Amino acid sequence: MTEALPGDLLRDLTPQVVAVVTRRWGDFDAAEDAVQEALVEAVRTWPERGVPENARGWLIATAMHRLIDAKRSESRRRDREHADHLAEPEGQSASGIDDSLDVLLLCCHPSLTPASAVALTLRAVGGLTTREIANAYLVPEKTMAQRISRAKATIKGRSLGIDGSADLAARIPAMMKVLYLLFNEGYVATEGDHLQRVDLCAEAIRLTRLARTALARMTGSAHGELGGLLALMLLLDARRPARIDAHGAVVPLADQDRSLWRHEATREGVALVDSVIGTGRPGTYQIQAAIAALHNRAPTAEATDWLQITALYGLLEKVAPGPIVTLNKAVAVGYADGPGPALALLDELLRDCAQNGSGGFADHPRVPAVRAHLLELAGDLDGAAAAYDLASVRATNLAERRFLTSKAAALRDARC
């Protein structure tokens, strides 16, 4: 027995154990539930008894016992020889990396809704309990349990593993979308009193690293867009220590103390961007990572290369057109060319959305926030204050709402 109970060990082992037990039992739903029980047992007993030398085998054996006990409810006996046989499963990859990717791809299956895929991924790959996931998303445990149950029912009967390179290529975009959704929920929480949830960001980065390593091992080459996604997460997360002040208030990017940024994460993210850009046609995450890298490279807000950022947003509009991309581009244009052209671009965007049936985008919380910022740059303090008021009403995160309200009040004070 070893001495410590590292949390990372259980998180790393969870998808490997789920994969092995699923293959042996033939039922992902039952296998995943049994592995959760084994994880609970590990957390309960390992601190006192020590971590088994073969922790992976112990979890597999314990989960299989749970399944066998459930099937043979009339007899609670455990077959010790069977346990010994299960303790070191033959066949599948010794490191478990490929198993982890198989489970991750199944949990991110395109047939699942994004919310269900994120919840199932956190449970089956991240090793979190239903209660922990519910707490992270600020919903009742019963609600989260139902979401996870529906997700399992949706993928019931689907096997682990990939059916050729075409299947793998088709599944990767859905996986990356789920991982980015998970990161974004941690980076700017959609609900609650806090702007960010560090644990969700950290889990998204960990799972993206795992997926990138496993995919490179499976295909023999690095996946440029997955590398871009990891770089984007690292560069954004590097700014985390400066995004909130000592009183819990939001600090805009331009006002952040860049000496607080996590420079090791910045260096890794920038190096990743440099390694993936130019290796093929750039994808959405690579371009976003390149934009983030320009921000992180700038020693001050004033030194930011807004012309290049504007050009990158133009490229992003071609690769992945959408109103949010153009909205972000308007901010860059405001700094590169001035608030006048930026406000004209914003108005053009809203007209286009109204004409193509996307008029509801005008109600997005970020629309009045961006307009307020551009009006402030233009010197229209009254118009900016009114727009900040509207943005604060629409904001769902309390920390953001307080920030927007304080901005409106500060502009009104400046007029007095």
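Modeller: Start with N296, which lies in helix α13. Keep in mind that this is a predicted model.

Biologist: Is N296 buried or exposed?

Modeller: The cut-off for buried is under 20% relative accessible area. N296 has a relative accessible area of 8%, so N296 is buried.

Biologist: Which residues does N296 touch, leaving out those up to four places away in sequence?

Modeller: L235, A238, R239, W261 and T266. A separate distance concerns V270, which is 26 residues from N296 along the chain: their C-alpha atoms are separated by 8.3 Å.

Biologist: How are two packed helices described?

Modeller: By the angle between their axes and the distance between the axes. Here, α11 and α13 pack at about 30 degrees, and their axes are 8 Å apart. Angles under 35 degrees count as roughly parallel, and α11 and α13 are therefore roughly parallel to each other. Their crossing is left-handed.

Biologist: Which residues make the contact?

Modeller: On α11 they are G224, E225, G228, L229, A231, L232, L235 and A238. From α13 come T284, Y285, Q286, Q288, A289, A292, A293 and N296. By class, this contact of α11 with α13 has 9 nonpolar, 6 polar and 1 charged residues.

Biologist: What span should helix α11 have, and what is the distance between its end C-alpha atoms?

Modeller: Helix α11 covers residues 224–238, and at 1.5 Å a residue its 15 residues should span 21 Å. The end C-alpha atoms are 21 Å apart, which agrees.

Biologist: How many residues of α11 are buried?

Modeller: 14 of the 15, so α11 is largely enclosed by the rest of the structure.

Biologist: I would like a second pair to compare.

Modeller: Take helix α7 (residues 130–137) and helix α8 (residues 141–154), which pack at an angle of about 110 degrees with axes 8 Å apart. The range for roughly perpendicular is 65 to 115 degrees, and α7 and α8 are therefore roughly perpendicular to each other. The crossing of α7 with α8 is right-handed. T130, R131, I133, A134 and Y137 of α7 meet E141, M144, A145 and I148 of α8. That contact divides into 6 nonpolar, 1 polar and 2 charged residues.

Biologist: And the protein as a whole: how many helices and strands does it have?

Modeller: There are 19 helices and 0 strands. Of the 416 residues, 49% are buried. Among contacts with a separation of 6 or more, 66% join residues 24 or more positions apart.

How values were computed:
Residues are numbered from 1 along each chain as its sequence is written. This is a predicted model: local features need pLDDT of at least 70, side-chain atom pairs count only at pLDDT 80 or more; totals for chains, interfaces and linings use all residues. Side-chain values use heavy atoms; hydrogens and water are left out. Helices (H or I, at least four residues) and strands (E, at least two) are DSSP runs, numbered from the N terminus. The expected span of a helix is 1.5 Å times one less than its number of residues. Buried means under 20% relative accessible area, exposed over 50%, partly exposed in between (1.4 Å probe, protein chains only). Axes are lines fitted to C-alpha atoms, for helices over the stretch in contact, and angles run from 0 to 180 degrees between N-to-C directions. Angles under 35 degrees count as roughly parallel, over 145 as roughly antiparallel, 65 to 115 as roughly perpendicular and the rest as oblique. A crossing is left-handed if the near helix is turned anticlockwise from the far one by less than a right angle, and right-handed if clockwise. Contact means heavy atoms within 4.5 Å. Ala, Val, Leu, Ile, Met, Phe, Trp, Tyr, Cys and Pro count as nonpolar, Asp, Glu, Lys and Arg as charged, and the others, Gly among them, as polar.
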